[in-house]
Amino acid sequence: MADRVLKHRPKKSVEVDLETETSMEDREIRALEQYLQQIWDVAQKFGLDPYPTRFEIVPATVMYEVGSYALPGRYSHWTFGKAYDRMKTMYDFGLSKIYEVVINTNPAYGFLLETNTPVQNKLVIAHVLGHVDFFKNNVYFSKTNRRMVESVSTHAQRVMEYEFKYGRKRVENFLDAVLSIEEHIDPNFFIKHDISVAEEKRRAEQSPKEGRYDDLWNLDKSLSGAGTRVQPPNNAPDAHATAYGDRTTASSSEQVNNRLPAKDILFYIMKNSPTLSAWQRDLLAMVHEEMEYFVPQMQTKIMNEGWASFWHARIMRELDLADQEHLEFADLHSGVVSPQKGQINPYYLGYKLYEDIERRWENPSADEREKLGRTGGQGSEKIFEVREIENDVSFLRNYLTEELCEELDLFVYELIEEEQWTITEKRWQRVRDQLVANMTNFGFPYLQVEDGDYNGNRELYLKHCHEGTDLDMRYARKALGHVHTLWGRPVHLETVLGEETIVLRYDGEEHQED
């Protein structure tokens, strides 16, 4: 994939693999190797503790491919191609540019664009090390699969097998339905829930399922006359599909409604859909596993980007840069951490919050010393503590102050009577609360499963927990059709439109509303 590879590991000199020729000159590569070691040493001096990190210098086509798929080697789907086409077109017309992509694995991977200048690459390397330190040490990433690149490659292989066996169009249409609700998983998926006594008894009494290779495992029994099992026929479900199918086979009405309401719609359908085949449950399990990987990144976007920006600035100031390089760095840094028109720049907001936290704990005011008991000299210790235990919601709720809101000129604006965008709120508490509300559930509507056996007919009943923002009805009806594809029975969605409670229904033929 990469034209040149730079590898760096702790307490070890940089290794370089020259696989093919690139547009970068050898002297630039050698200079970058030296700076890579220096940047690593400076990062460790500041207290950063990233995973070993592998840097690859790649052309724009590879950079934007990795950026559009989010992980290298992922399964093929038209939505990724659409994202690639949009990003690459904007790059070709000079409208945007991705300087780096970082992958949260162990070792971590950082991709550098081959057209980057030396100063751009130095900044990007420092930025990547900030990200990797965050990946390693933030509690919300503690359950992350650090071998996800290998996992998605395995997923891609299985998807290709299903496309060959069941037809590409059929698999793609099913993935369309799955991806339409991929965000609706439980962000607290790693918390183990207590199971009922009845469920424990059922699991204990459940006999092992018959598998593809049981005839081999039971060969000794067969020879000893203890009996044997018939080998599964050629049309038996795939071995890996059966594994997911065993865990997710549709169960009785009582089990379907156990522990409802359920936030994780994707997992609930995977476990309880009355119509899905084993290979379809397997595809649901793949998407769910990949979303588990992405959820911590969605929960900590502002913190993560702010942390990386905070440290790339500190590290670059420690390097021995020429005057012209300092000017180029200042220009690049100001472009990264500057406010954006009409939206929040996570790099800028996170960066300013970390700076403010460090200042308030390093040199607290007399009022803060008296009322909050801050002693001073704890700025660095505090930002590392915040990096470890917070997510974006708690980060903003706990540390966005009135003074910082005024400094950043934050406000709430709304479309009034569908005619004019108007600033509707400047009070800092309301601004903070609106920011937090926008990030709750990653900005997506909060839906949950209320009943998996509605009307006693295995119909699915979903409820929108309305929080002041109405659903887009056109989008909701289309998504409901995709949910019907997955559930295979009539589906219902309760929501609020205006101030009236309504229920959208779809039975596979027509949409109804009451």
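**View 1. Where two neighbouring strands meet: Val449 has Leu462 in strand S9 as its bridge partner.** This is a predicted model, in which local features need pLDDT of at least 70, side-chain atom pairs count only at pLDDT 80 or more, and totals for chains, interfaces and linings use all residues. Residues are numbered from 1 along each chain as its sequence is written, and side-chain values use heavy atoms, with hydrogens and water left out. Strands here are DSSP runs of E with at least two residues, helices are runs of H or I with at least four, and both are numbered from the N terminus. Leu447 also has a partner in S9, namely His464. In total, 5 bridges join S8 to S9 (residues 459–464), and the two strands run antiparallel. Between them sit 4 residues of a hairpin, where Asn455 takes a positive phi near 65°.

**View 2. Step back and you get an open sheet of 5 strands.** The order is S8-S9-S10-S11-S12, with mixed pairing; two strands count as paired if DSSP finds at least two bridges between them. At the edges are S8 (447–454) and S12 (511–513), each pairing on one side only. From one strand to the next, the twist averages 20°. What holds such strands together? Strands of a sheet pair through backbone hydrogen bonds, either parallel or antiparallel.

**View 3. Helices on the sheet: H12 lies across S8 and S9.** H12 runs at about 20° to S8. Angles like this go from 0 to 180 degrees between N-to-C directions, using lines fitted to C-alpha atoms, for helices over the stretch in contact. H22 packs on the sheet too, touching S8, S9, S10 (491–497), S11 (500–506) and S12. The direction of H22 makes about 45° with that of S11.

**View 4. Now zoom in on helix H6, residues 168–179.**

View 5. Buried residues make up 48% of its 514 residues.

Note on methods
Expected span 1.5 Å × (residues − 1). Contact = heavy atoms within 4.5 Å. Buried < 20%, exposed > 50% of the residue type's maximum accessible area, 1.4 Å probe, protein only.
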